[in-house]
Amino acid sequence: MKAIITVVGPDRVGIIAEVCTLLAAQKISVVEISQTIMEGTFTMIMLVEATPGAPEFSVLQSSLSDKSREMGVSIRIQREDIFNAMHTI
Amino acid sequence: MLNHHDIMSTIDMIDHQHLDIRTITMGISLLDCADPDPAVCARKIYDKICRRAEQLVPVGCAVERELGIPIVNKRISVTPIAIVAAACQTEDFVPFARAMDAAAEVCGVDFIGGFSALVQKGMSTGDRRLIAAIPEALSQTRVVCSSVNVASTRAGINMEAVRRMGQTIKKTAELTADRDGLGCAKLVVFCNAVEDNPFMAGAFYGVTEGDCSVSVGVSGPGVVCHALQAVRGRPFEEVAETIKKTAFRITRTGQLVAQEASRRLGVPFGVVDLSLAPTPAVGDSVARILEELGLEVCGTHGTTAALALLNDAVKKGGLMASSSVGGLSGAFIPVSEDEGMIAAARSGVLTIDKLEAMTCVCSVGLDMIAVPGDTPAETISAIIADEAAVGMVNSKTTAVRLIPAPGKRVGDSVEFGGLLGSAPIMPVHPESSAGFIARGGRIPAPMQSLKN
């Protein structure tokens with residue numbers, strides 16, 4: 001299953017590193033990353049995929065949510081399907 | 001391939017434009033619950049609902065979490081109870097409503113619909129008993145919704161049923177007077193009711209449906225309104241195109257949710273209902289869409305034309321996005337549930353007469369309108385008859401959900417809370433319709449040719 005992770009918040013050093021470290025520990029592979037900074041706001045979109053041994057979606061979602069609070073940025077994970085449904089025919 | 005703009009626009013719709021799925025509704029046939037013993041029938045109803053809908057809320061919550069889109073309500077619709085309980089040897093149908101309520105409580109759903117009767121042509125004993133039980137049933141239960149179909153294009157208008165429903169609405173208001181007549185917010189009188197509607201309070205599960213299915217009702221007035229800001233002052237072709245594209249996106253999300261829920265629950269997918277359903281929240285209003293099109297206040301001249309365009313474009317955009325479209329499918333104009341409608345009604349620009357005209361071109365009818373508590377039952381019946389005539393002649397669904405708020409007058413308002421919102425008391429014509437309603441009988445079905 002593929003999912004989209006979006007990270008939005010004030011820019012600082014190490015955001016990508018911290019999120020990717022968490023994902024690696026959870027056996028989540030990063031397929032693609034797109035990242036911009038607009039007027040000091042960091043926005044990152046990642047396409048990720050679960051590999052064997054990865055936790056359930058809800059477990060991953062709650063560890064990302066803990067991380068989000070710890071880092072002071074918004075992190076959300078949604079299945080890729082909703083974006084495909086809405087923007088492709 | 002990631003498209004930054006597409007992904008962030010979806011997130012913006014959910015976070016800032018109130019994009020949500022209004023409801024996942026599981027339809028359950030209760031035809032196999034009939035029994036001459038009312039206690040056995042009520043137990044079968046309870047058991048079947050609990051068994052079928054046990055996983056509905058957990059599955060709904062899981063889909064909501066994984067797709068990251070709110071699913072506001074999880075609901076159940078059942079076979080009209082007048083049919084299910086017709087064989088029961090009892091005058092009292094209230095226990096069946098209590099069985100529905102108890103099952104809904106166990107399943108954790110927000111509403112359960114189907115305390116209903118279809119009497120457009122005539123009333124059977126079961127139909128009479130059900131209608132007689134409505135006021136008690138709605139005052140004694142928490143989440144049960146009731147509907148009665150009193151007219152259709154093929155059968156005409158059953159004026160005896162219309163007369164009874166005026167009285168039933170008054171009695172329901174009296175029995176729930178401590179809550180501003182809240183019972184009436186759960187009671188709909190239909191013309192041309194549809195059998196696969198997932199929206200409350202009018203949902204029931206038609207007898208031609210299968211044993212169980214799951215349908216989705218979408219929402220999204222806020223998203224449409226936001227999209228229209230980009231075409232301010234532009235010609236109507238551009239407006240229609242913008243609405244169609246937005247409706248397509250909203251409906252695709254509904255289709256995805258319906259498919260996921262259907263797969264996980266192991267029941268067939270029913271329909272996606274392409275409705276623009278507002279909420280009382282600021283930024284989630286159908287009235288504000290009409291105002292965005294260039295009207296100073298919803299209800300002024302031009303409102304009916306604006307609504308006709310909106311309703312048509314929503315359907316055209318949504319149709320291609322779903323494999324099965326049904327239900328009511330159109331823009332809703334419930335007064336108390338729409339922040340812009342509430343404001344327009346308070347200002348006096350939006351009147352019941354204008355709302356009646358608007359219902360000629362949209363889904364569904366005179367919805368969630370609070371009227372003075374001393375409105376005579378005959379006047380309510382006459383309003384129902386007018387609205388049924390609109391539906392009957394135009395071959396469309398129309399409905400009436402009026403709340404004659406006990407003790408309230410024009411200038412007061414009622415508060416229902418949550419999605420039901422609040423409403424100013426709107427004036428009705430004081431001149432009597434009693435002689436018209438006293439006649440009874442049936443208004444014949446209309447011509448289907450020589451359309452003028």
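**View 1. Glu209(B) sits in the loop between strand 6 and strand 7 (212–218) of chain B.** Helices (H or I, at least four residues) and strands (E, at least two) are DSSP runs, numbered from the N terminus. This is a predicted model, in which local features need pLDDT of at least 70 and side-chain atom pairs count only at pLDDT 80 or more, while totals for chains, interfaces and linings use all residues. Residues are numbered from 1 along each chain as its sequence is written, and chains are lettered from A and ligands numbered from 1 in the order in which they are written. Glu209(B) counts as buried because it has 20 C-beta neighbours inside 10 Å. The cut-offs are these: buried means 20 or more other C-beta atoms within 10 Å of a residue's own, exposed means 12 or fewer, and partly exposed lies in between, with C-beta atoms placed from the backbone.

**View 2. Glu209(B) meets residues beyond its sequence neighbours.** Neighbours within four places in sequence are left aside here. Glu209(B) is then in contact with Gly27(B), Ser29(B), Glu195(B) and Asp196(B). Contact means that the C-beta atoms of two residues, placed from the backbone, lie within 7 Å. Gly27(B) is 182 residues from Glu209(B) in sequence. In space, the two C-alpha atoms are 8.5 Å apart.

**View 3. Chain B meets chain A.** Here 17 residues of chain B are in contact with 19 residues of chain A. On the chain B side, helix 1 (4–16), helix 3 (56–67) and helix 9 (236–265) each supply at least two residues.

**View 4. Chain B holds 15 helices and 13 strands.** Its C-alpha trace spans about 65 × 55 × 45 Å along the principal axes. The radius of gyration, taken over C-alpha atoms, is compared with a globule rule of 2.2 Å times the number of residues to the power 0.38. For 452 residues, a compact globule would have a value near 22 Å, and chain B agrees, with 21 Å. Buried residues make up 60% of chain B. Among its contacts between residues at least 6 apart in sequence, 80% join residues at least 24 apart.

**View 5. Chain A has three helices and four strands.** Along the sequence, they follow the pattern β-α-β-β-α-β-α. The radius of gyration of chain A is 13 Å, close to the 12 Å from the globule rule for 89 residues, so chain A is as compact as a globular protein of that length. Its C-alpha trace spans about 35 × 35 × 20 Å along the principal axes. Buried residues make up 24% of chain A.
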